[in-house]
Amino acid sequence: MRHSFFIIFIFCCGYSFSQREKVVVNGYGHMNYNYNNDLNKTADPTLSYFELGEHDLFVNSYFNDRISFLGEFVVRYTKGTPTYFSASIERARLKFDYYKNHSIIAGKIHTPINYWNDVYHHGRVFFPSIDRPTAFSYLVPLHNLGLQFQGQNLGKWNFGYDVVIGNGISATDASDDNLSPATTVAFHIKPTDNWRIGASYFYDYLSDASVTGAHSGHSTAPSHIHGDKYKGNLNYHLISQSIAYFGDKHEFLNEFSYNITHTDTLGYANNFSNYTYYGYRIKEKHVPYAIVDLLSIAENDLFTYHYDIMRLWLGYRHEFSETLNVKAQVGYSTNFLNSSHSSTNSIDFKVQFAYGF
Amino acid sequence: MMDDLKYAVICVDDDPHILQMLSFQLEKIIDTKCTLLEYFTIPQDAIDNFDELLQEQIDVIFILVDFQMPGMNGAQLIRAIKLKKPDIACIMLSGQANTVQVAELEQDGLLTCFVHKPWDEATLFQVLNPIITSKS
Amino acid sequence: MVFRIVILVQFLVFTSILFGQTFSDYKVIGNTTGVTELTQAQVKSYFKGKYTLWGNNKSVKVVLHSSESPQAEKVAKLIFNTTHTGVKKYWLSLVFQGRANPPVYCDSDLEVLTYVKKTPGAIGIIKDETSCPSQYVIQIK
């Protein structure tokens with residue numbers, strides 16, 4: 001009997017050890033406090049509330065020397081659902097390392113469109129600041145479901161490339177409304193460990209621009225007049241460029257995106273966004289930072305719709321450990337184009353606890 | 001407030017996105033303190049509104065119409081408006097116009113200008129500015 | 001005066017612990033990697049997850065020292081030029097991006113050695129004094 005228990009005990013140790021190797025599970029989450037004062041409003045201009053953020057289960061496993069799996073499953077607050085929460089599969093992908101540092105990836109990924117989307121995903125503890133750039137809510141096609149060809153750390157400058165062919169912006173994770181796949185081509189170099197300089201091009205054809213599928217930005221506002229979205233076809237081009245430096249003292253990130261949409265109805269619309277972040281590590285765990293975040297959507301854009309905003313932030317990040325930090329930001333939002341038809345004028349204060357486990 | 005409005009401009013297109021774009025652009029060159037900007041997706045509504053403006057003695061500077069519309073096309077709408085106010089400027093903004101009907105409008109002296117869709121702002125302003133300044 | 005000398009000696013000892021470590025104080029060990037020698041730069045690249053496969057198509061399995069290990073801070077400084085927390089943060093981010101498989105963390109030189117011995121493709125680093133069969137040692141050129 002004692003012998004049997006001993007064998008079972010050894011088996012469990014071995015099993016849990018081999019599980020520790022092959023399957024790694026991490027969790028990430030965050031919670032916020034938000035304060036907003038809309039200076040344009042005379043009645044009830046202030047909002048103040050706590051917010052339970054996304055909670056993210058991250059799984060990494062490898063089947064053999066060359067094939068691995070990565071999954072990211074997120075639960076977030078969603079109004080109108082029975083439990084007020086909904087779950088989503090943000091990433092689920094198989095990776096095959098076929099030759100040295102070259103891989104083929106199949107599944108749902110974060111579109112390698114810029115530094116932020118490629119590096120931070122849904123883990124707020126990795127974010128240098130509280131929120132994603134504004135462009136993520138309007139321009140950036142966050143996800144892609146399809147096939148990715150990837151190379152990394154190639155040559156002296158650690159050149160990396162990504163070529164993605166997948167379901168388009170208006171597609172779901174189970175269907176696509178047109179035969180034209182979305183295409184992403186991205187490359188970057190890392191001259192030293194702390195630098196990453198990259199650029200990308202994304203193209204998609206939407207046969208019905210009103211369908212915002214699983215892979216669009218998280219917010220596309222309806223038409224100002226009727227609330228009906230444009231239902232015609234649309235060509236979507238997005239060129240992005242990013243420069244990132246994260247060293248012992250200085251942190252810098254600049255991401256610029258130029259978006260062209262084309263419809264037969266209103267022709268070419270030219271949109272752009274620029275996000276600049278600078279942080280300075282005054283001590284090991286203390287990082288004050290500043291952000292300038294711009295977005296401009298042209299008047300004749302029929303996918304994202306006319307909008308412009310500039311957000312200025314000052315923040316502070318305290319890193320308790322690599323898996324726990326707190327950030328506080330104070331900011332001002334306004335329009336920056338004279339021709340703007342929306343009026344934004346507000347002050348925000350936010351605090352975030354971001355954690356991993 | 002209506003007393004301050006001496007002029008009006010009417011835009012008719014069954015696509016609300018076209019009308020929204022026109023609203024953004026017209027607001028740049030038209031003084032909205034004295035000029036009413038009206039937008040319609042249904043041609044008959046535009047005609048009914050036109051009659052009301054005439055009764056209010058508001059001078060309609062120009063009407064900007066699409067060609068392809070349900071119920072009544074742009075050429076028919078222009079002919080109907082011209083009967084009520086012969087000196088009004090009529091501009092057609094279209095990508096799919098019937099060339100015969102447009103040519104007939106031009107021959108009959110009813111069409112001030114034809115602008116192809118998609119249009120650029122500068123081209124539209126080149127057409128509209130002389131019409132607007134002739135009133136001021 | 002004595003006090004100043006004591007402070008100076010402590011500072012020198014402290015900095016020698018943190019900054020005085022060199023590759024000659026350590027052994028890089030590997031299992032069935034097909035590699036018998038590496039440059040210092042290559043060693044660092046392997047530990048930073050820059051290579052996915054060895055030349056013999058075995059996947060690179062990086063073995064690091066956990067915070068329980070007395071070598072954790074020294075190895076972090078030697079290989080990554082940062083603190084052990086910095087190393088964990090670096091690897092956490094790399095794995096989260098999907099650009100590398102997670103490393104294994106071991107609590108001592110003996111655990112590192114045990115893991116490397118039984119895992120083809122593994123690469124680890126242990127103190128030079130720790131005895132180790134020569135077939136696992138990767139020479140630093």
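Mentor: Two residues are in contact if their C-beta atoms, placed from the backbone, lie within 7 Å. The model is predicted: local features need pLDDT of at least 70 and side-chain atom pairs pLDDT 80 or more, whereas totals for chains, interfaces and linings use all residues. Residues are numbered from 1 along each chain as its sequence is written, while chains are lettered from A and ligands numbered from 1 in the order in which they are written.

By that criterion, 12 residues of chain B are in contact with 15 residues of chain A. The side of chain B that touches chain A comprises six nonpolar, three polar and three charged residues. In this classification Ala, Val, Leu, Ile, Met, Phe, Trp, Tyr, Cys and Pro are nonpolar, Asp, Glu, Lys and Arg are charged, and the others, Gly among them, are polar.

Chain A also meets chain C, in a contact that takes 21 residues from chain C and 21 residues from chain A. On the side of chain C that touches chain A, helix 4 (residues 84–97) of chain C gives the most, with eight residues. By class, this side of chain C has seven nonpolar, nine polar and five charged residues. Helices (H or I, at least four residues) and strands (E, at least two) are DSSP runs, numbered from the N terminus.

Chain A, which takes part in both contacts, contains two helices and 16 strands. Of its 357 residues, 38% count as buried, that is, with 20 or more other C-beta atoms within 10 Å of their own; 12 or fewer make a residue exposed, and values in between partly exposed. Among contacts in chain A between residues at least 6 apart in sequence, 58% join residues at least 24 apart.

Strand 1 (residues 23–38) and strand 2 (residues 46–62) of chain A run antiparallel and are joined by 14 bridges; A:Asn34 stands opposite A:Tyr49 in strand 2 of chain A. Strand 2 of chain A pairs in turn with strand 3 of chain A, in the antiparallel sense and over eight bridges. A:His55 has A:Val75 in strand 3 of chain A as its bridge partner, and a hairpin of four residues joins strand 2 to strand 3 of chain A.

Two loop residues of chain A deserve attention for their backbone angles. A:Tyr84, in the loop between strand 3 (67–77) and strand 4 (85–99) of chain A, has a phi near 65°, a positive value in a residue other than glycine. A:Tyr84 counts as exposed because it has 11 C-beta neighbours inside 10 Å. A:His121, in the loop between helix 2 (115–119) and strand 6 (143–154) of chain A, has a positive phi of about 50° although it is not a glycine. A:His121 has 23 C-beta neighbours inside 10 Å and therefore counts as buried.

In chain B, five strands form an open sheet in the order 2-1-3-4-5, with parallel pairing. Its edge strands, strand 2 (35–40) and strand 5 (113–116) of chain B, each pair on one side only. Neighbouring strands of this sheet are turned by 20° against each other on average, direction ignored. Helix 2 (residues 43–55) of chain B packs on the sheet, where it touches strand 1 (7–12), strand 2 and strand 3 (59–65) of chain B, and its direction makes about 170° with that of strand 1 of chain B. Such angles run from 0 to 180 degrees between N-to-C directions, with axes fitted to C-alpha atoms, for helices over the stretch in contact.

A cis peptide bond joins B:Lys117 and B:Pro118, with omega about -10°; B:Pro118 lies in the loop between strand 5 and helix 5 (121–135) of chain B.

In chain C, five of the six residues of strand 5 (residues 122–127) are buried, so strand 5 of chain C is largely enclosed by the rest of the structure. Strand 1 (residues 26–30) of chain C runs antiparallel to strand 5 of chain C, joined to it by five bridges, whereas strand 3 (residues 61–65) of chain C pairs with strand 5 of chain C in the parallel sense over two bridges. C:Ile123 in strand 5 of chain C is the bridge partner of C:Gly30 and stands opposite C:Val62.

Technical notes
Pairing = 2+ DSSP bridges.
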